Amino acid sequence: MADVLNIIYNITDDGFYITIFFIFFVSIYKCFYKNDMKKIPFFLAIFLTNPIFSYLLSAFFSGLVITVASLIAGSDYYKRYSKLDNLQEMLVAYSITGILFLLFILLFAWRFSKHMKIKNRSLVLFVYLIFGVFMNLFFGITVPQSVSDNLVLRSALGIGFNILMIIGIILFYLLHIKNLSNLIDRPHDTDWKIFVIPPMLFILLYSSIVMTIADFLNGQAAIILQSFSILIMYLFIWTFYVIIKNINATGEAIKAKNEVKTLSVEVMEALAHTIDAKDEYTRGHSVRFAKYSRMLAAKMGMSEEDCENVYYMGLLHDIGKIGVPSSIINSPDKLTDDEYDVVKTHPCLGYDILAEIKSRPDLSIGARWHHERFDGKGYPDGRAGNDIPFFARIISVADSYDAMTSNRSYRSYMPQAIVRSEIEKNAGTQFDPEIARCMLELIDDDTDYALHE
Ligand SMILES: [Fe+2]
């Protein structure tokens, strides 16, 4: 009888672990069916935080602590501990392993959330922390001696609870998938209490049970304790699922954001091409020139975000030319004073057009002040020195560089040495000297003179 029960007990025990594994793999499949390789760190996270692995880690740390304790206190400690008849010592040992385990989980969660650029990092840390607490409470308590000595009773209890747990896990998982999907589809509705209250309630209940068992170390207390273990498993699966769905949603949000960004860049480049198309001398100018501006900004040591901004400003800086008649822009003859006055309106026209793009107020800066000179002799406002916005000063240098290194109907691009000496000569008058110095460095770096039309 006892043997048969023992075999069934082992089968249901394995069934319990298989169920957990199955549910985890279902979750992973749901997350990774698009085969997104970037989510591999997340896959590792699931692996490292799954109950089996956590159990092994926990057992490893427990073993480590007990070994160290035995070495310090003598082998007697180990013997007494291994019998598990001293609740206090057992709790102390598991508290220590618990702290070690939590440190590991926290460290891992911190690294992991940093990698995934998860917005609410503290939330992730909290959920991982709760995992650690649960893992240690759950695996830290074993049935008391009186129960474990009775093989039939122990097996029968084990079978009963294993079956209950398997049913419970499956039911809980099935019941909550729908709700959680809704929750994640509306991330703004996600209430922090949802993450905090159930675990807190559980900890309160659980600690009262631990106290009860300290007074009545018998089979009844163990049954209550095991019942609460089911609750722990529920919470495990629930929190895992929330994390999986949340991270998936974060990934989707990042993807959507990137798509919008790509679209805006494409729209801006298309706009830049329309300006270029109008001016037959400067075809392809905007994109090439915007790249020079970005290179120059990078050389100035600006942040990646600022470099991007300079690129966009560069793309659209001449958009005001849309309002200048083609006959003037493409005039083969030297412009009359009146015609030149019309050309000079393009910075303000561009400024007015770009000021409409409220989400990117910086864009208009490059358009308005890219023809200002450092000595104040430029147009449209005659600003000088640092009164000219920094980004516009960068664009001004890149604009002149591009003009000299582009082919014109009346000449081909200038030799590099001449371009270099022109920029050097105009540093401090036309150009901001510091930016001109960086441009000279860029020219010197470009030993093959690749930076021309
Ligand atoms: Fe211009």
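## Close-up views of helix packing and the core

**View 1. Helices α11 and α12 pack at an angle of about 150°, with their axes 8 Å apart.** Axes here are lines fitted to C-alpha atoms, for helices over the stretch in contact, and angles run from 0 to 180 degrees between N-to-C directions. Helices are DSSP runs (H or I, at least four residues), numbered from the N terminus. The angle therefore makes α11 roughly antiparallel to α12 (the term covers angles over 145 degrees). This is a predicted model, in which local features need pLDDT of at least 70 and side-chain atom pairs count only at pLDDT 80 or more, while totals for chains, interfaces and linings use all residues. Residues are numbered from 1 along each chain as its sequence is written.

**View 2. Here is the contact between α11 and α12, which cross in a right-handed way.** A crossing is right-handed if the near helix is turned clockwise from the far one by less than a right angle, and left-handed if anticlockwise. On the α11 side, look for S286, V287, F289, A290, S293, R294, A297 and A298; α12 brings D306, C307, V310, Y311, G314 and L315. Two residues are in contact if their C-beta atoms, placed from the backbone, lie within 7 Å.

**View 3. Helices α18 (residues 416-426) and α19 (residues 433-445) pack at an angle of about 165°, their axes 9 Å apart.** These two helices are therefore roughly antiparallel to each other. α18 passes α19 in a left-handed crossing. You can find the contact at Q416, V419, R420, I423 and E424 of α18, together with A436, M439, L440 and I443 of α19.

**View 4. The largest nonpolar core has 36 residues.** A nonpolar core is a set of buried Ala, Val, Leu, Ile, Met, Phe, Trp, Tyr and Cys residues joined through C-beta atoms within 7 Å. Those with the most contacts inside this core are L296, M313, L316, I394, V397 and A398. At least two core residues come from each of α10 (219-278), α11 (285-299), α12 (304-316), α16 (363-369), α17 (390-404), α18 and α19. α17 gives the most, with seven residues. Leaving aside neighbours within four places in sequence, A398 is in contact with F289, Y292, S293, L296 and G314.

**View 5. S264 lies in helix α10.** S264 counts as partly exposed because it has 14 C-beta neighbours inside 10 Å (20 or more means buried, 12 or fewer exposed, and in between partly exposed, with C-beta atoms placed from the backbone). The C-alpha atoms of S264 and Y312 are separated by 9.9 Å, although these residues are 48 residues apart along the chain.

Note on methods
Angles under 35 degrees count as roughly parallel, over 145 as roughly antiparallel, 65 to 115 as roughly perpendicular and the rest as oblique.
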